Amino acid sequence: MWSQNDYARHLEIMSQANTLVGDKKIDEAMSILRQNKNLFQYDAITLFRYNWLNGVILYQVDRYSEARPFIVDAISFLDANESELSDPNLTRFLQIYYYAPDIDYKLGANKDILVKGLERAKYIYELAGATSEPIYSWIISDLNSLQNSNLDVAADALSLFMSGDYVNAIPLLQNVIAYYQTNQSTDYIHLVAWLKSLGMAYMYVGDYNNSEKTYLSAVRFLEIQNLQNEKAYRMILDALAVLYVQLQNYEKALDYNTQAKTLYEKALDFGEDYVRCVSNCALCHNGLGHNTTAKMMLDVALRQVKQNLSDTTAISGTLKDLNQLSGKPLDAKKIDKNHYIQTRIIPYVMLLSNSATVYSELGYFSSALRAIKESIKVLEEYGLKEALPYNNMGMLYFYKSKFSQSVEWFLKSYELCRTPYESDEIGINTALGLYLSKDASACAFSADLSKRMRKNIQNMFAFMSGEERAIYWKHFENYLPMLNLIIYESGNADAFGTIYDNILESKGLLLRSTNAIRDAILNSGNASDIADYTRIGKLKQQLLNEKDEETRLAIKKEIEAIDKRLTQHINANTDFAASKNIRWEEVRNALTKDDVAIEFYNIPLVWGLDSIQTMDGEPRYCAVLLRKGYKYPHIIPLCKESKIDDLDREDLYETDSIYNLIWQPLESELNGVKNIYFATDRELHKIGIEYAPVSENENIGDRYNLFRLSSTRVLAENKTTNQKESAVLYGGLKYDLGKDELIAESRAGDYHPTYSSRAFIVENSRYGVKYLPGTLKEVEEISQNFNSTPRLITDISGTEESFKSLAGSSTDIIHLATHGFFWTDEDAKKRDYVTFLNPNNKILQSNEDKALMRSGLFFSGANIGLKGESLPDDVEDGVLTALELSNMNLGHVDMVVMSACESGLGETSGEGVFGLQRGFKLAGANTLLMSLWKVDDTATQMLMSNFYKNYLSGKSKQQSLKLAQLSLRNNPEYSDPEYWAAFILLDGLN
């Protein structure tokens, strides 16, 4: 007999099968269904669900013969209950009416059977009132394609593409490609030609994501068929290079261009396509600063392209095929002309335009002017709408400080922009031209461009890997600040909201993007995505030590591929995409009447704006403020950065210098304020401005509650975590261990690396770290304040392996009472006996990675590595760099306390501080408590003990630190700021 539990059980089985399918475990999904088939014999409905699910799964993995009987049986049930199909609960099951004729067609049925089945599916969806469903639109599209010859569609697609109507060409190109894939799948060359056209069309409408996917699919397709020697292959590589130029990834573009150029030369193919490839190579070299190489290539390309202009024969080879197969008359003359324009004239126009840019940068102004004039003459003769030649003409005037004339060309160019690449590059030139020519529209234009640019950045980041995002942002990181300067200089306060929005978007953009994607993955519950994310961490760990260049390249490619897939998967979630858009109004609305939000920001002082030759400036700090009732952000200029640079530590923390420079100008804005939420910029990251003395016995923190944030956008993000349940405390670590002792202890724990990372490679033993006796007392005292006993790690147990084993754990608090370090590049060069980077790998690392390698923490046994003693490959050296740290998963850690020297220092940029701070933030930690200079051991122990006593008794993090510091200030022995002002709390809102 069946029970209610049996009926529920079949739903559970279906859910398990769907989960396995989502994890790409198709055979396991089918097995669990078959093993539990009896559970679906309860009634006709459960049997239908069994057939439906089996059929859908098998269809989606192209197992059509197996899917067909299940689909047929499931449709029989729906047909028998046709009168009930309008029930919305049944809509999702109707898709099998679309699958059924497709299965028959793929199994050999003729076109008439396919059309008849699709018409039946169309009728069912209309009967059910489900015409808004995506599948209904697919049915209509398929019927249209079948009822109108696909070859006619190909002719229309070609005509639209050649005339430059890419928006309307794209859906037709998709239909043609689908037709080839279904009916002429072995016609590799023509299929790839259509894919190339589709990729180009996507690129020209600014859909770089689909453009890249289309090109790469064509590359993979040809490689699988071993057709790398075909012309289509080198043409696709060249097209990919053009795409990557638009994404500012000149190194990747040059790599593809070089491959293509080599293949052309190997095939002795020196025609028009080779010339275009050489021209694109020149563009890549110019983007990388190799201007002389670029000029030589352009000169060669120009000579050849002029010869090609006179050859108008046999241009459109595709026409012959279409004329033979299409029942629709083709305007061959028109298509031939458009093909000539696309393949000869436009490349010539762009080659001249690009040559003008390179010539002008090398100082050949007359040659540049001749080239750009010829480019525009040909462009206008053929009625072309290309933006870049007009822009490049504007740049020639701009370099001559003829700003008004340059603006005329820039505006004409801007109106013709089609892609994000064009609108961003030409837009910033236009904004600068308007500003320098003192045009009243500069502010409004810059505000509009800011909005467009922020949107473009988000769209680009939605499909890029982490490395690609860094390359892209490196090019654009100064664009939004430049627009902020233009808007601020206009004095139009109504537009200041754009400045705040630009700050929210740009400050810490790379870090925020990486963390948002990581958090979305780890919280998704998707086992496959989480496994891939974990895989990336292991690969990055391996990359730190791998010396073989081919292996390193393979690892980097795998990391990028996984990273990119995860990014695109997460960004497909509309809720995730929406969460990235935070505007200044949302920050303002999150404040109470007692609050103020401040973004300290560099809006430079500029002068000599009448000429490019005299133009100059220097950094200046401004406060961009928000309060509850503000109609727009208020901007208060503070001081030049040089004023801050001139101060030593005594000036910073023992005089009112910082107060006078930073806080005193804001007094009127702070009237009635209790809580100040602020985010710093540039050198202010490394100064405890929240402790600025106001008078001999008072500092700014005595007047207000100050909260240091990574960005004030966190106020609008509603992230509330305040976990105190579990903690791991490191202290009293033994840095001097016997080699065998370290090896045994390292291998005793749960973390077992296949190969360890070496933070130091030391040529002699002139460097070491000493035991800190106060740290043992510190963690022992702290541990007594927890309700549940924390995990105490001391002496030889505090190995680097023990810390890395915390990755992925649910630890709430990590306390690190150990030595920390930060070395500037200059410091590292002075210590020629210690090198942070393997010489074989150094040239391949980014500036961020190099900075992260120069800061870190010492764990038990560190002095063995520092003395240069060798260790087995599976034993860590006791030196955890910020780079290693950044590859860990500490996303569930609410607070990290670094009771270590200089743990808050690092190199600064618009991204924040590149040191331990960034390492922990990249790893996912929420709040950081860290130090700005070397701190007295005893004073630190006292401060930390009081901090935890306050925090674990229910006080906020900010209150707890403030009271702990007050206890030292009231102690005559430790009242000097040297003992208590080193520690700063970042993102401690709870």
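A: Let's start with strand S4, where both faces are covered: Arg620, Cys622, Val624 and Leu626 on one side are all buried, and so are Tyr621, Ala623 and Leu625 on the other. "Buried" means under 20% relative accessible area, "exposed" means over 50%, and "partly exposed" is in between (1.4 Å probe, protein chains only). Bear in mind that this is a predicted model, in which local features need pLDDT of at least 70 and side-chain atom pairs count only at pLDDT 80 or more, while totals for chains, interfaces and linings use all residues. Residues are numbered from 1 along each chain as its sequence is written, and side-chain values use heavy atoms, with hydrogens and water left out.

S4 covers residues 620-626, and seven of its seven residues are buried, so the strand is largely enclosed by the rest of the structure. Helices (H or I, at least four residues) and strands (E, at least two) are DSSP runs, numbered from the N terminus.

Which strands pair with S4? One partner is strand S1 (residues 595-602), which pairs with S4 in the antiparallel sense over six bridges; two strands pair if DSSP finds at least two bridges between them. Within that pairing, Tyr601 sits opposite Cys622 of S4. Another partner is strand S5 (residues 634-640), also joined to S4 by six bridges and running antiparallel to it. There you can find Leu625 standing opposite His634 of S5. Go back to the two faces for a moment: Cys622 belongs to one of them and Leu625 to the other.

Now step back to the whole chain. It has 46 helices and 22 strands, and of its 990 residues, 55% count as buried. Take the contacts (heavy atoms within 4.5 Å) between residues at least 6 apart in sequence: 73% of them join residues at least 24 apart.

For another set of strands, go to S14, S16 and S17. These three form an open sheet in the order S14-S16-S17, with antiparallel pairing. Strand S14 (820-822) and strand S17 (879-881) stand at the edges with a single partner strand each, so one side of each has no neighbour in the sheet. Neighbouring strands here are turned by 25° against each other on average, direction ignored. Strand S16 (residues 855-858) pairs with S17 in the antiparallel sense over three bridges, and Leu857 is found opposite Leu880 of S17.

The helices are worth a visit too. Leu298 lies in helix H15 (residues 291-309) and counts as buried, at 2% relative accessibility. What does Leu298 touch, leaving out residues up to four places away in sequence? Its contacts are Ser279, Ala282, Leu351, Asn354, Ser355 and Val358. The C-alpha atoms of Tyr951 and Ala964, 13 residues apart along the chain, are separated by 9.9 Å.

How do helices H23 and H28 meet? The axes of H23 (residues 466-476) and H28 (residues 549-571) come within 8 Å and cross at roughly 85°. Gly466, Glu467, Glu468 and Arg469 make the contact from H23, and Lys556, Glu560, Asp563, Lys564 and Thr567 make it from H28. Axes are lines fitted to C-alpha atoms, for helices over the stretch in contact, and angles run from 0 to 180 degrees between N-to-C directions.

Most residues other than glycine have a negative phi. Asp795, though not a glycine, has a positive phi of about 55°. You'll find Asp795 in strand S12 (residues 791-795), where it is partly exposed, with a relative accessible area of 38%. Asp987 also has a positive phi, near 60°. Asp987 is in the segment after strand S22 (983-986) and is buried, with a relative accessible area of 9%.
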